[in-house]
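Subject: Structure handover and notes

Hello,

Please find the structure below, with my notes after it. Could you read them against your own view of the coordinates?

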Amino acid sequence: MTQRASRTILLAALLIAVAGDLLLRGGEPRLGFTLLVALVTGSAFVIGARAGARADRERTWLLAGTAVAALGFVLRDAEPLYAIDLLSVLCMGALTVWRGSGQSLARLEVLDAPKAAALAILTTVVGAPEVLRATGHAETDAGARAARTRALALGVVLALPPLLLVMALLGSADSVFGSFLQSTVDFLALEGVQHVVVIVVLAWLAMGWLLGTLAGSAVVKLPDVRSPGLPFATASVGLYGLVLLLTLFLGTQVRVLFGGAAYLSATAGLTVAEYAREGFFQLVVVAGIVLATLVAADWLVARDEEAVRRYRAVGTVLVGLVAALLVSAVARMWLYVTSFGLTIDRVLATAIMLWVVAAIVTFAVTMLRGRGERFAPVMLLVTIVWVASLNAVNPEAIVVRTNLARAAEGKAFDAPYHAKLSADALPALLAAAPTLPATECAALSENLATVWAKRRVARSDWRSLSLPYARAIAAGAGDASIRCASGG
């Protein structure tokens, strides 16, 4: 890395740090965080262009993808989506550092995901000293640097007495200037230290990450981990064990299907709704574990013809069993929603199940067909589409519309729960609330007024704004009550 590049990184990191100290304050960082990510990715693009990385399309796409992922913080207001979008930003940022180490997205492998995360963390933490060393590389004379440091230190010692004396005299000569000095001292003693610490930490991390995004300047090298080439017999214990467990489990599902509520009550003492509630999340996790086991077995097992044939055979069986397992999970969710309605957690759980289904399908058309090198790149694309779709469909609006339709059929409507949903749900609530029975509409109106009065106080800072929240405030959320039908 040249001295010019290192100084550019240093200046960019200082700018990012000062901006981050400003943008990340003021409560829940939404607009502030989005602007900070745009500044970070824009700085990385400019630094890369000056270093000759303009033609690196993969790097450009990763930087753009990181900035686009951060837009979710302002385009949606739901807290669960906040977590998903934050994870997306971190993953894209990690892949950008991984790309800077000389890797290619076209050759992305399954094990590269944890390696990219580790590489990004280590580079971000330990990369700053390399930037600082390169910045001061021109001063090769250690004695000259030491003499310069001593001269500056002596200058500080000599300057402090007259400066402090003059400051005290000027403060006593004018009360306005004295109060200004006092407020400045108080600020430096309290908030000033906090600002300095935040700026130093952010600058340190920004230097490491920006350095990591440049090709050929990696300061951390992770060891290559090769497949141990185990015999298929080693992996067969776990794979055949999963086949047995899933087969036994699905056999009980057939009995529940034909036995119905009477069978559940007699054998487990459960209602249909209780049965559905306690099993859905576990089934989705099991499906993910089975997929992870299949991917791990593909890496562990030797690539001889007999092992590959047996692996594909048991893999095909497990994919079929997982598909049946997911059908059972869908049935459970349908039973539960029919009994109790929809929540944002249930929508996201269903969305995660759809992602697992997409992963299973991707596994079947790549690894089980001898195209294992395509699995990771395709899964990256599938995940990007999944996150974008999840933000586009507005899950909280789906919750509101579904539960309002249930209420129209005479079923219970949980007004306190719906009032606590984010600004994403508010337009659908305000549009359809007058169609609720008068009592439930009044309860919703009262709860919305209480929740939004507190929310407006907690998120009064501009840095915590999102587009749905700004629209809700402009529409008078927390001020005007809903016009309900008479009779409640």
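This is a predicted model: local features need pLDDT of at least 70, side-chain atom pairs count only at pLDDT 80 or more; totals for chains, interfaces and linings use all residues.

Residues are numbered from 1 along each chain as its sequence is written, and side-chain values use heavy atoms, with hydrogens and water left out.

Whole chain

The protein chain has 20 helices and zero strands. Both are DSSP runs, numbered from the N terminus: helices are H or I with at least four residues, strands are E with at least two. Of the 488 residues, 40% count as buried; buried means under 20% relative accessible area, exposed means over 50%, and partly exposed is in between, with a 1.4 Å probe and protein chains only. The chain exposes about 26000 Å², of which carbon and sulfur atoms supply 69%. These accessible areas come from the Shrake-Rupley method with a 1.4 Å probe, and for residues only the protein chains shown count as cover. Among contacts between residues at least 6 apart in sequence, 78% join residues at least 24 apart. Contact here means heavy atoms within 4.5 Å.

Helix packing

Two packed helices are described by the angle between their axes and the distance between the axes. The axes are lines fitted to C-alpha atoms, for helices over the stretch in contact, and the angles run from 0 to 180 degrees between N-to-C directions. Angles under 35 degrees count as roughly parallel, over 145 as roughly antiparallel, 65 to 115 as roughly perpendicular and the rest as oblique.

Helix α1 (residues 3-23) packs on helix α2 (residues 31-50) at an angle of about 175°, with the axes 10 Å apart. That makes α1 roughly antiparallel to α2. On the α1 side the contact is made by Arg4, Thr8, Ile9, Ala12, Leu15, Ile16, Ala19, Gly20 and Leu23, and on the α2 side by Gly32, Phe33, Leu35, Leu36, Leu39, Val40, Ser43, Ile47 and Arg50. By class, the contact of α1 with α2 has 12 nonpolar, four polar and two charged residues. Ala, Val, Leu, Ile, Met, Phe, Trp, Tyr, Cys and Pro count as nonpolar, Asp, Glu, Lys and Arg as charged, and the others, Gly among them, as polar.

The length of α1 agrees with expectation: at 1.5 Å a residue its 21 residues should span 30 Å, and its end C-alpha atoms are 30 Å apart. The expected span is 1.5 Å times one less than the number of residues. Buried residues of α1 include Ala5, Ser6, Ala13, Ala17 and Asp21.

The axes of α2 and helix α3 (residues 57-70) come within 8 Å and cross at roughly 170°. This makes α2 roughly antiparallel to α3. In this contact Thr34, Val37, Thr41, Ala44, Phe45 and Gly48 of α2 meet Arg59, Thr60, Leu63, Thr66, Ala67 and Ala70 of α3. The residues divide into six nonpolar, five polar and one charged.

Helices α5 (residues 79-100) and α6 (residues 112-126) pack at about 85°, with their axes 8 Å apart. They are therefore roughly perpendicular to each other. Ala94, Leu95, Val97 and Trp98 of α5 meet Asp112, Ala116, Ala117, Leu119, Ala120 and Thr123 of α6. That contact has eight nonpolar, one polar and one charged residues.

Single residues

Leu15 is in helix α1 and is partly exposed, at 49% relative accessibility. Its C-alpha atom is 8.1 Å from that of Ala203, 188 residues away along the chain.

Thr293, in helix α12 (residues 272-300), is partly exposed at 27%. Leaving out residues up to four places away in sequence, Thr293 touches Leu239 and Leu242. Thr293 and Ala235 are 58 residues apart in sequence and 9.3 Å apart, C-alpha to C-alpha.

Val330 belongs to helix α13 (residues 305-340) and is partly exposed at 41%.

Most residues other than glycine have a negative phi. Asn394 has a positive phi, near 60°. Asn394 is in the loop between α15 (375-393) and α16 (395-408), and is buried at 12% relative accessible area.

Regards
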